[in-house]
Structure formats: C-alpha cells, structure tokens
Amino acid sequence: MLTGTARRVVYSGRRAFTVVSPHKPPPMNVNHFQKTIAITREIDDSLVQSALTMNPGSQQSIDLELARKQHAKLSRELKWAGLQVHTIGSAGFPDSVFIEDTAIVIGRTVMITNPGARSRRGEVMGVRKYLKENFAASENFSETIDVVDLPGDGTVDGGDILFTGEVITLTKPSLTCSIAA
Amino acid sequence: MIAVDLAQLTAHARKNAALSGTHAPVEDVLHLKSFCSMCSEDIILTGGELGLALQRVLRREIDKPQFIHVPDVGAANCVYVNQTLIRRSRTEFPNSEAIFRQQVPKYIRHVEVEAGELAKVDGALTCCSLLLKV
C-alpha cells in the first residue's frame with residue numbers, strides 16, 4: 001500500500017533498513033480533498049423522538065446536550081482544519097443534523113438530492129436556499145458553485161455516495177421503502 | 001460510476017462471517033458511508049464485514065484500489081479534508097486505533113472526536129457536514 005518513491009535509510013545497530021516513505025500528497029490543483037467551506041446543521045430537539053434509525057432502542061437514551069457538545073467539537077475541528085464553518089438552523093426536521101444526505105458535492109457542482117425517506121424530503125429546501133444565496137454568485141469567494149437539483153424521480157442520499165475521484169453509490173430500494181415515513 | 005447493491009453486499013458479508021466463524025454480527029446500516037469513507041486522497045477506509053465485502057466488489061471494478069480496513073464499522077466513517085483526518089476516538093474504538101496510527105500516510109494530521117450520541121441514531125462523522133471549495 002505504500003506507494004511512495006522517497007526512501008530514507010534507517011540505521012539500527014549494525015544493520016541498515018530502507019524505509020519507503022508514504023507518498024506525498026498530490027498537487028493542490030488536482031486534490032479533491034482541499035476544501036474551504038463546511039456547512040453544518042443544528043440538531044433538532046425532535047432527534048430523540050423522531051430521527052430515523054436502525055436502533056430505536058438506543059435512540060431513547062440520547063443525551064441531547066452531549067450530542068450538541070460533540071457536534072460543536074466536530075465543527076471546531078472542521079474550523080481548525082482550515083474550513084469556514086457555516087451552520088444552518090434545523091427547521092424542525094429531526095434528521096436535519098445529517099446534512100450530508102441533502103446534497104452531493106463534486107468539484108464546483110452541488111447536486112441537491114431527493115432523499116430516500118419521505119420525512120426528510122423537506123430538508124433540502126433550506127440547504128438549497130442557503131447555498132444559492134451565499135455561494136452561487138458572490139464577490140466574497142474566488143470561485144462560485146453551481147447548485148443544481150438531481151434530475152429524475154429517483155431518490156438518493158448523499159451518504160450513499162462515496163467520491164474517490166470516481167463515484168461509488170449504494171443502491172438499496174428495499175431499505176428506502178422500509179424506513180420512508 | 002460504480003453501483004453497489006446493499007442487499008447483495010449484506011448477504012455476502014453474512015455468508016462470509018458465518019464461513020470464517022466470526023461472531024461479530026453484520027449490522028443493518030443506513031448508508032454506504034456507514035461502513036466506509038475516504039481516509040486520504042487515494043485510500044478507501046472500510047470497516048467490519050460489510051467493509052470487507054465492499055473491498056471484494058471494488059477490487060473487481062477499480063484498477064489497483066488502496067484500502068485500509070478497521071474491525072469496527074463505526075470507526076470506518078471519517079472526514080478527510082485538507083490533509084486532516086477527523087476520526088472517532090481511541091476510547092470509543094480501541095481495536096481500530098493501532099491500524100489508524102500505523103497505516104494512514106504520515107503527512108496526514110489525525111484528529112480524534114467523540115461522536116457516541118449521534119451514533120445512537122446511526123449518525124457518523126461525514127453525515128454532519130457538506131464540504132465545498134469556493
């Protein structure tokens with residue numbers, strides 16, 4: 001897995017070992033993992049009662065204050081990683097904190113999704129509005145983004161898309177039906 | 001675009017877990033990134049039996065994929081951005097800690113966060129943000 005070409009020779013006692021350094025990061029202009037903005041969304045009070053989950057048993061034991069503290073810590077770490085963190089209000093949606101599912105970001109294009117669970121469909125409105133108002137045409141940033149809606153009648157959550165440089169997606173029609181509210 | 005079917009993946013993962021005699025259950029998951037994420041520009045992080053099943057599928061579809069595998073599904077979702085890996089803490093997933101320390105490329109800064117509360121409703125780390133470059 002170590003594919004770097006830089007080598008350094010480590011001397012230990014009388015024997016020399018050659019160590020292959022992990023490869024250097026790729027140049028900035030082709031790096032899909034350099035970002036400047038993070039959009040997060042507040043945890044709604046209704047998370048404990050109404051958020052979708054595979055584990056309704058553990059859901060009831062959620063400490064909302066602790067969840068918010070942990071969420072705030074994550075936001076701080078995103079800031080310290082060099083991102084400008086924006087936070088949108090929850091608008092009453094129990095799953096609103098999981099903002100990743102509302103959009104797929106590839107390069108400068110943000111594709112607003114049609115989330116699989118019916119109870120989450122409304123979440124995209126606030127996200128689309130915020131993105132269009134703040135980033136789609138602005139003198140504040142060097143590049144703007146294109147905010148588009150994913151075409152067609154299908155559903156997809158951002159959490160089902162892994163972007164590696166190429167898109168990997170998970171298909172799960174049975175799951176969508178069983179948790180749709 | 002590579003499409004992976006969750007039902008098939010889960011079936012394969014369960015069959016493999018039974019064959020290899022592991023007693024760890026194959027959990028039901030909400031999303032693809034419940035058991036995988038990127039942990040560098042090039043390396044896909046996978047977790048648990050579903051992660052291994054995903055690796056088997058992707059090795060057929062991708063030329064020379066690179067993976068890091070951790071035993072804990074919950075540890076497999078990390079945010080990788082700006083050469084920083086934001087991941088679950090060693091106190092939450094002690095069995096995965098050594099793998100992160102040893103296998104993630106050395107130019108990457110590790111940040112450990114605790115995310116146990118949102119995890120109770122299957123929330124992970126990438127779930128909580130949209131990352132843009134403007």
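I take a contact to mean heavy atoms within 4.5 Å. The model I am reading is predicted.

**Entry: contacts and fold of chain B.** I looked at contacts in chain B between residues at least 6 apart in sequence, and 57% of them join residues at least 24 apart. Next I went through the secondary structure. Chain B holds four helices and eight strands. Read from the N terminus, their order is β-α-β-β-α-β-β-β-α-β-α-β.

**Entry: dimensions.** I checked the radius of gyration of chain B, which is 14 Å. This agrees with a compact globule, because one of 134 residues would have a value near 14 Å. Along the principal axes, the C-alpha atoms of chain B fill a box of roughly 40 × 35 × 30 Å.

**Entry: surface and charge.** I found that 63% of the 134 residues in chain B are buried. The accessible surface of the chain is about 5,300 Å², and carbon and sulfur atoms account for 51% of that. I noted 15 positive and 15 negative side chains in chain B, with the centres of the two sets 5 Å apart.

**Entry: cores.** Which residues have the most contacts inside the largest nonpolar core? I got Ile168(A), Leu9(B) and Phe35(B), in a core of 40 residues. Elements giving two or more residues to this core include β9 (167-171) of chain A and, in chain B, β1 (2-5) and α1 (6-20). The most comes from α2(B), with five residues. I then followed Ile168(A) beyond its neighbours within four places in sequence. Its contacts include Leu162(A), Val4(B), Ile44(B) and Leu58(B). Apart from this core I saw another, of 27 residues, with Val79(B), Ile86(B), Cys127(B) and Cys128(B) among them.

Notes. Residues numbered from 1 in each chain as written. Chains lettered and ligands numbered in written order. Predicted model: local features only at pLDDT ≥ 70, side-chain atom pairs only at ≥ 80, totals over all residues. Heavy atoms only, no water. Rg over C-alpha atoms; globule rule 2.2 N^0.38 Å. Buried < 20%, exposed > 50% of the residue type's maximum accessible area, 1.4 Å probe, protein only. Areas by Shrake-Rupley, 256 points an atom, 1.4 Å probe, with all protein chains shown as cover. Lys, Arg positive; Asp, Glu negative; His and termini not counted. Charge placed at Lys NZ, Arg CZ, Asp CG, Glu CD. Core = buried A, V, L, I, M, F, W, Y, C linked by side-chain atoms within 4.5 Å.
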